[in-house]
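Look through the complex below, one chain after the other.

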Amino acid sequence: MPIQVLSDDLASRIAAGEVIERPASVVKELVENSLDANSTRIDVHIVGGGAQSITVVDNGQGIPADELSVAFERFATSKIDESSDLISIGTLGFRGEALPSISSVARVEAISKHIESDAGARYLVDFGKSNAVEPAGAPQGTRIEVVGLFKNVPARLKFLGSAGRELSRIQSMLASLALVYPHVAFSLSADGRERLRTIGSGKLVDAVSGVYGAKVADQMLELEPDDSTAFYVDGLISSPSLNRSNRTYMTISVNGRWIQSRRLSYAIEQACHGFLPERRFPIAVARINTPLGDVDANVHPAKAEVRFLREDLIYSVVQRAVRGVLSASAPVHELGAGRAAGSIGLLRAPGRTSDSTAAGSIDASPSLSPSQKSGFTQWPEPSTVVEQSILPDTDADLTGAAATSTPKETLPVLRVVGQAHETYILAEGPDGVYLVDQHAAHERVMFERVRERFDQNASESQPLLEPATIDIGPGSMSTVQEHLDELNRVGWGVEEFGTNSLIVRSVPASLATRASGDGAGQVFVRVLDELSEGGTGETWRNRMLATIACHSSVRAGQILSTDECKDLIRQLEKVERPNTCPHGRPTIIQLNMNDLEREFKRR
Amino acid sequence: MQVTCLRENLSRGLANVSRAVAARATLPVTQNVLLEGDNGQLKLTATNTEISISTWIGAQIEGEGTVTVPARMLTDFVNSLPGQTVNIEFKNEPVGVVVTCDKFNGTINGIASEEFPPIPTVDGGASVTIPADTFRGALERVVFAAATDDSRPVLTGVKVELEEDKFTLAAADGFRLAVESGKLGASIDSEVGVIVPAKTLAEVERLLGDGSSSVELSVDANGRSAKFRLDTSEVVTALVQGTFPDYEKLIPTSYGTKATIDLSSMVQATRAASIFARDGSGIIRVVVSPGEDDGAGAVKVISRAEEVGSNENELDAAVEGEETKVAFNSKFLMDVLNVMNGDDVDLETTTPSSPGVFRSEKHEGYTHVVMPMFVQW
C-alpha cells in the first residue's frame, strides 16, 4: 500500500479516540464547555449508560447562531486566540477539539440561544456530516444531545463496559465536578431516574452534602487557606472518624480544573497518617490555587493530568493545610460514628442487633450507589432557597452520630470513674461517658515524648547489663546500615556482629521500665521487621518512633490504680493530638449523653 | 470425715494456699482447694500445676476422706462466718462439703479428689536448711530484680546456688542485677545451682511472714522441681530450665568513687526527684563530690521535667575518690533503695557510663548493680 494522507473523516475519528474514550469523556467535555460558558445550572440526562444518548443542558451564555457551525470545526474555540494564551489558561477547554471529536463519532444536535440574541438556533451534525443551521425556539443556554455514540467505531463500542458501569463512571466524574464547582447546580438523571443533585449554593459543604449525603457533610472539617501566598489550598476533609477504604473519595482541583494526581492524593493521604487507621482514606475536596502560569494543562489529551512548575511546593502546601486542620480539630471519636443508624454500639437494645451490621455495610458502601439515591431527591430546586440546604435528610434524627457530631478541639475535661476489663479507663465528661483505651492513650503520650526528645536530638539511652546478640534477616541488615544514624539518635546502641547478627548495647530509655533487656532487644527486631517494609524520611522515622512508643506503653490487661488512670488522663490532656494513637486508632470514645438517655428511654 | 477447727486458722490456711489457685481454669479442678486429713491436722493444697502450696492447720479429725471444693467460694464463705469454730463434713453423694459454724450452714459441691493434679514428689537431690530471717531478707532484696516479661525465660527466675555453708540468690532483668549471699544452717557436700521462678520465691517470702523459724530447700534428683518446706506450709515448684547469665563477671571489681549516704535522706531525696522525673523520661542524675581538705563530701540528686520545672536535692555524704556523676532510671533507683535497711547506703561508681553498685554495711552479702542511663549533662 502506498503512503497516503488519511482522509479528513478518518483523521478526525482517530483524533477523537484521543479525547473521546467513553461516554464519561463526552459528558466531561460537554460539561466543561458549559462551565466555561459561566453556567450556574447544568443538567445531564443519560440513557443506556450514555451509549444511547447523552444530553447536557446548561443556562450559560450560549453560542450565537452564526458561530454555531464554526464551533464544530476542528481547532475552533472562543477560549484562546493567540499562542501566548497557552501559557496561562484559565478556561477548562482551549483546544477546540471536543465538539468536532464527538460529532465525528456520534449524531450531535446542538440548540443554543446566545445571551445577546432573541432567538435560538439549532445545528445537527450526523457522524461528521453537517447540516444547515436552523432557527429554533430555545431558553437561555445551550442544549447538546449526543445520540448513538461510537456507532461508526465498532472497535471502540466493543470496549465499552455495561450500561451500569459506564453510568457509574459518569456519576463519579460528575460528582467530582460538582465538588469542584459548588456554585453550579448539577443534576444527573439516568434512564429517567435522578442520580445526583447539588444545589449550587456556592458553599462547598452543600456540594458535599449533595454528593455524599448530609451525614458526611456534617463531619467535614474546613481547610484553612493561607491565601497570603500565591499558592494556597482550600476545601474540606473528613474528620478522622469518617473514612473510606479506597482513595476515590479524594477530589482535587487546580485553579478550578478537576484533576487526577496520584502525587497530590498521596500528599493528602500522608497528611492523614496517624489520624486514620492503616489502609483507610479520607473523604476530601482540595482546591489548589496557583498562579496560572505555574500549571501546564496541555499535557494530557483529556486534561485529566496537569504539570506543575513547582510540584514539591504544591505537595507541601497541600500536606500542611490538611495536617493543620486535622491536628487543630481532630474530634473525639464518637461511639457509633460511621456506623448504623439508630445503633450506638455497646448500648444497643436487645433484639436490634441484627440490623446493625447490615445497615453498617450500607453506610460503608459508596454514597453514590443507587440504593441511597433517595437521600438526594428532596433537595429544593437549584439556586432557589439556599437556607433549606441545611435540612437534615430523612433519617438524620435516627443517627446520633450525625445529629451531635460537634468536633471538639481538645480533650474534654474528664473525671476518672474507674478501669474496665483492665483495658479501658472509664471517665465522665461534660457531654456523656468516655472510654479511654489505656494502651492507645499511653502510646500517644509516649510517642510525643519520644518524638520530642528525638527532634531535640536528646534521646536518652539505657545500656544493657550484658550486651544482647540478636539474629536478623539478611534484608534487615541493610535497613540497619541505612538508618544507623536515626537508630542511634533514638537511643539504640547497635553494632554489626557477623553477617546477620547484631549486638545491642543500649536501648531507648523509655523501653527499660516496660521490658527486660532481652525484651527490649526483641523490640529492636520488631522495629526492623516493620521498617524493612520500606519508606523513607519522615514516614520511616514516625513509624520507628511509634513502634518504640508502643512497646514503652502500658498494655491492655494491666491493672491500673485510680491514681495511675488519673495520671494518664492528665498526660493525655497535655499532648498535641490526644484523640488518636500514633497508628491512627482512636484513644477515646464517647458515649453521648443524648444517646444514653434515649437508650434508657428517659425521653 | 468430720473436721473441726478454729475459723481463724482455716481462714489463714486458705489465704496461704489461695495464691496457687489457677486464675484461668483450663482445668476446672485447679480452681479448687484439696482438703485432706493428715496426722491429726487438716491439710489444704492448691496448685496451678506450676506451683503448688500446701498448708497444715490444727484440727480435730474424725474418720478419713479427701475432697476438692471451689477455693474462692470456700474462702469467701469462711471469711464471712460469725463463730469461733467451724465444722466441715465431707460428703460423697454429691461430692462436696457441708460447712457449719454456729447456726450458719453452707453446702458446697466439689470435684472428687482423684481428679486433682498429683503434686510432684521432690526427693533424691540436695537438701539444706536455711534460717528463715536470713533467707527472707535475701528474697526481699533480690526477687524484684527478676524480669517480668518472658522474652528470656531464665531471667524470670532467680538463680539459687548452694555451696558448702553458703547460699547465693541472683536475679537480673537486663538492666540491673541483685545478688545476695548468706549462711546455710549446715554445710552441704554437693554444689547446687537451680533457677527458681521469681513468682514462686515471692510466695515463699510471703509465707515466711507467717513466722517460720527455718526453710528447708530440697531439689529433685532430676533437677526439674524443688520444694520449700516451712514450719506449717510447703511450696513445690517447677524449676526454670536453661543457663543463667554468668552474673559474677557483671559486678565491677573496682570503683573510682564511693559515697556513703544516709539511707533515709537518700530515699527522701530520690522520692522528691521522682516527682519531677515522672514527667520526663524518668531520669535522676546523681552528682557525687568529695569534700575539700578531707571534709565531708556531698551528693546531689537532680531531676528535670521538660518545661515544667526541676529539682535539686543536696545531701551530706562521706565521699572517697574523684568527683563523678551518673544518671539512673528513677524506678531502678527507688526499687533498690526501698529494699535497703540500716543507716547508710554505699554507692560505688566510676564514670557516667559505668554501672552503679549499691551496697550496705547492714547487708553484708548484698550487691546491687544498676546500669546508668546515657543522657546529656
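In chain A, residues 24 or more positions apart make up 69% of the contacts with a separation of 6 or more. This is a predicted model. Chain A has 603 residues, and 46% of them count as buried. Its secondary structure comes to 20 helices and 24 strands.

The mean pLDDT of chain A is 77, and 79% of the residues score at least 70. Residues 337-409 of chain A have a pLDDT below 50. That stretch still has 108 contacts in the model beyond near neighbours in sequence.

Take one residue of chain A as an example. A:Met250 belongs to strand S12 of chain A, residues 250-254. Why does A:Met250 count as buried? The cut-off is 20 or more other C-beta atoms within 10 Å. A:Met250 has 25 C-beta neighbours inside 10 Å, so it counts as buried. Which residues does A:Met250 contact, leaving aside neighbours within four places in sequence? They are A:Ser265, A:Ile268, A:Phe281, A:Pro282 and A:Ala284. A:Phe281 lies 31 residues from A:Met250 along the chain. Their C-alpha atoms are separated by 8.4 Å.

Now a sheet in chain A. Three strands form an open sheet in the order S21-S23-S22 (chain A), with antiparallel pairing. S21 and strand S22 (493-496) of chain A are at the edges. Each has a single partner strand, so one side of each has no neighbour in the sheet. Neighbouring strands here are turned by 15 degrees against each other on average, direction ignored. S22(A) and strand S23 (residues 501-508) of chain A run antiparallel and are joined by four bridges. Across this pairing, A:Glu496 stands opposite A:Leu502 in S23(A).

Chain B comes next. It holds six helices and 25 strands. It has 377 residues, of which 42% count as buried. Among its contacts between residues at least 6 apart in sequence, 68% join residues at least 24 apart. The mean pLDDT of chain B is 91, with 99% of its residues at 70 or more.

Chain B has an open sheet of eight strands. Its order is S6-S2-S3-S4-S17-S16-S15-S10 (chain B), and the pairing is antiparallel. Which strands stand at the edges? They are strand S6 (66-70) and strand S10 (124-131) of chain B. Each has a single partner strand, so one side of each is left without a neighbour in the sheet. On average, neighbouring strands of this sheet are turned by 20 degrees against each other, direction ignored.

Within this sheet, look at strand S16 (residues 225-229) and strand S17 (residues 233-238) of chain B. They pair in the antiparallel sense over five bridges. B:Lys227 stands opposite B:Val236 in S17(B). Two helices pack on the sheet. Helix H2 (residues 71-79) of chain B touches strand S2 (32-38), strand S3 (41-47) and S6 of chain B. The direction of H2 makes about 85 degrees with that of S6(B). Helix H4 (residues 198-208) of chain B touches strand S4 (51-58), strand S15 (214-220), S16 and S17 of chain B. The direction of H4 makes about 175 degrees with that of S17(B).

Next, the cores. In soluble globular proteins, nonpolar side chains tend to be buried together. The largest nonpolar core here has 151 residues. B:Val33, B:Val142, B:Val158 and B:Ala171 touch the most other members. Helix H13 (residues 438-455) of chain A gives the most to this core, with seven residues. Not counting residues up to four places away in sequence, B:Ala171 touches B:Val142, B:Val143, B:Ala145, B:Ala146, B:Val158, B:Ala178 and B:Ala198. Another core, of 93 residues, lies apart from the largest one. A:Ala51, A:Leu68, A:Val125 and A:Ala185 are among its members.

Last, the contact between the chains. There, 21 residues of chain A are in contact with 24 residues of chain B. Strand S21 (461-471), helix H16 (509-512) and helix H17 (517-531) of chain A each supply at least two residues of the chain A side. S21(A) gives the most, with six residues. The chain A side divides into eight nonpolar, nine polar and four charged residues. For the complex, the predictor gives an ipTM of 0.76 and a pTM of 0.61.

Key: Residues are numbered from 1 along each chain as its sequence is written. Chains are lettered from A and ligands numbered from 1 in the order in which they are written. This is a predicted model: local features need pLDDT of at least 70, side-chain atom pairs count only at pLDDT 80 or more; totals for chains, interfaces and linings use all residues. Two residues are in contact if their C-beta atoms, placed from the backbone, lie within 7 Å. Ala, Val, Leu, Ile, Met, Phe, Trp, Tyr, Cys and Pro count as nonpolar, Asp, Glu, Lys and Arg as charged, and the others, Gly among them, as polar. pLDDT is the predictor's confidence in each residue, from 0 to 100. A nonpolar core is a set of buried Ala, Val, Leu, Ile, Met, Phe, Trp, Tyr and Cys residues joined through C-beta atoms within 7 Å. A residue is buried if 20 or more other C-beta atoms lie within 10 Å of its own, exposed if 12 or fewer, and partly exposed in between; C-beta atoms are placed from the backbone. Two strands pair if DSSP finds at least two bridges between them. Axes are lines fitted to C-alpha atoms, for helices over the stretch in contact, and angles run from 0 to 180 degrees between N-to-C directions.
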